[in-house]
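I opened the model to follow a few local arrangements through it, and I kept the notes below in the order in which I looked things up.

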Amino acid sequence: MTSLAVLRASELVTLSGPKRPRIGTELSSLGIIRNGGILIRDGMIEKIGPTDEIEKNLGDAEIIDARGRVVLPGFVDAHTHLVFAGNRLDDFERRARGETYEQIAKAGGGIWSTVEKTRAASELDLLAQAKNHANWFLRCGTTTIEAKSGYGLTVEDELKILRVMRQLNASRRASDGIRESRIPSKAPVAIDAAETEAAPEIVPTFLGAHAIPRGMSPDEYLEFVIAEMLPRVAVEKLAEFCDVFCERGYFNIDQSRKILSAAKKVGLSLRGHVDQLTNSGGAKLLADMGATTADHLEQTDEQGIAALKKANVQPVLLPGSVYALGSSRYPRAREMIEAGLAVVLATDFNPGSSPTPSMPMVLSLACTQMKMSPAEAITASTVNAAYSVNRGDKIGSLEIGKLANFVIFDCEDSRELAYWFGMPLTHSVFVKGERVL
Ligand SMILES: [Zn+2]
């Protein structure tokens, strides 16, 4: 039995509260304990409260002094495209010259160029690149990552991507890459990071319907996804969710409904990329389908918001992609919060439209561009995000019985996480009570 105590945090941000996603004014309630402490046994939170209380029964617990620092649940990133090969530097430069996402895709860039590189990469190669990406997330304080396939678009390549995710979860022991990039620390933490669990947990999502391969019509490809890919994904239990890119030039509402219905039949929960570039009624579709989340929503109107509310679908907002695409059309976060939606924030980490693994950067964008408060942004990227990946009972807040996934930040006030932007304030990261960074 190993035990660990974190003491004297200037702010211990617990996010304690009802056992469900937070809505309305609940998003502002962080459950902060000043001079707070946690007692952890076997990776679980056994006690949490003021340091004086926790100190009474320390036993043989290893002590971490978090004086002058904020302790927060590890971020849960509910929307990423973690596994891909290469980068999209040429697209980035084209966009800087003024070309649009759609123009770049037509000229041979965009998703297709990443598909070609990802198909060409071996499983081992992809795994190495994905480990590197996962390590970036850890350095930003993220301990759980939803990750989508979608850069394979053939049976074998989609399965290859999902197997990489499975391997990441299976190899959640310290890897060389993680050890090398460990942030040196002056803090009195006497735990050897080299012997601990390393990578964040991956929540796998099948996104075979991400783009349409060359030489196929959308309908032909869709039939192929449903008949050939989905059954394999289901039989090998490679994904928990199914997603679709519902957008002009990709999959329309009817086609999206088809793939999501088929996925539901084989037991997958549903997410969707909707209303990003056009308001096509995607939010309403996901509400009709009983999806867990509707993601993007930059163009969603009041009717879409009302539909999501009625069906209890969580909106996943991705301001990093709006920013990186050079757009100013952010989703209507305030209206969604006021309508009672359990808003989630995520990075949309991907090589084309959102090359950032940084949840603190997303917090900054949420506050400056979408007028969310720092507290609302933190709730949206921890406990609400945890519910959106069906893990609200285990992670997302620091409460008795939950996993001890938490981050110590080099700041005294949790609002600083959204305020200082472009600079990681991460001091150390713990997964199931073990230091991983
Ligand atoms: Zn995405």
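I began with β12, α11 and β13, which form a right-handed β-α-β unit; right-handed here means that, with the strands pointing away from the viewer, the path from the first strand over the helix to the second runs clockwise. Helices (H or I, at least four residues) and strands (E, at least two) are taken as DSSP runs and numbered from the N terminus. The model is a predicted one, in which local features need pLDDT of at least 70 and side-chain atom pairs count only at pLDDT 80 or more, while totals for chains, interfaces and linings use all residues. I numbered residues from 1 along each chain as its sequence is written, and side-chain values use heavy atoms, with hydrogens and water left out.

**Strand β13 and its partners**

I looked up the pairing next, counting two strands as paired if DSSP finds at least two bridges between them. β12 and β13 run parallel and are joined by three bridges, with Asp295 having Val316 of β13 as its bridge partner. β13 also runs parallel to β14, through two bridges, and there Val316 has Val344 as its partner in β14. I then checked both faces of β13 (residues 314-317) and found them covered, since Gln314 and Val316 on one side and Pro315 and Leu317 on the other are all buried (buried is under 20% relative accessible area, exposed over 50%, partly exposed in between, with a 1.4 Å probe and protein chains only).

**Helix α10**

Which residues of α10 are buried? I listed Gly282, Ala283, Leu285, Leu286, Ala287 and Met289; six of the eight residues of this helix (282-289) are buried, so α10 is largely enclosed by the rest of the structure. These buried residues pack against α9 (253-265), β10, β11, β12 (293-296) and α11 (302-311), where contact means heavy atoms within 4.5 Å. Just after α10, I noted that Gly290 takes a positive phi of about 70°.

The protein donors are His79 (NE2), His81 (NE2), His273 (NE2) and Asp348 (OD), at 2.1 to 2.4 Å from the zinc ion. His81 sits in the loop between β6 (75-77) and α2 (89-96) and Asp348 in the loop between β14 (344-345) and α14 (359-369), so this pair ties together parts that are 267 residues apart in sequence. Both His81 and Asp348 are buried. The four donor atoms subtend angles of 83 to 167°, which makes the arrangement irregular: tetrahedral would require all angles between 85 and 135 degrees, while square planar for four donors, or octahedral for six, would require opposite donors over 155 degrees apart and all others between 65 and 115.

**Salt bridges**

Glu146 forms one with Arg271, at 3.7 Å between the closest N and O atoms. Glu146 lies in strand β7 (residues 142-148) and Arg271 in the loop between β10 (269-270) and β11 (273-274), so the pair ties together parts that are 125 residues apart in sequence. Glu146 and Arg271 are both buried.

Conventions. Salt bridge = Lys/Arg side-chain N within 4 Å of Asp/Glu carboxyl O. Donors = N, O, S within 2.8 Å, 3.2 Å for Na, K, Ca; no water.
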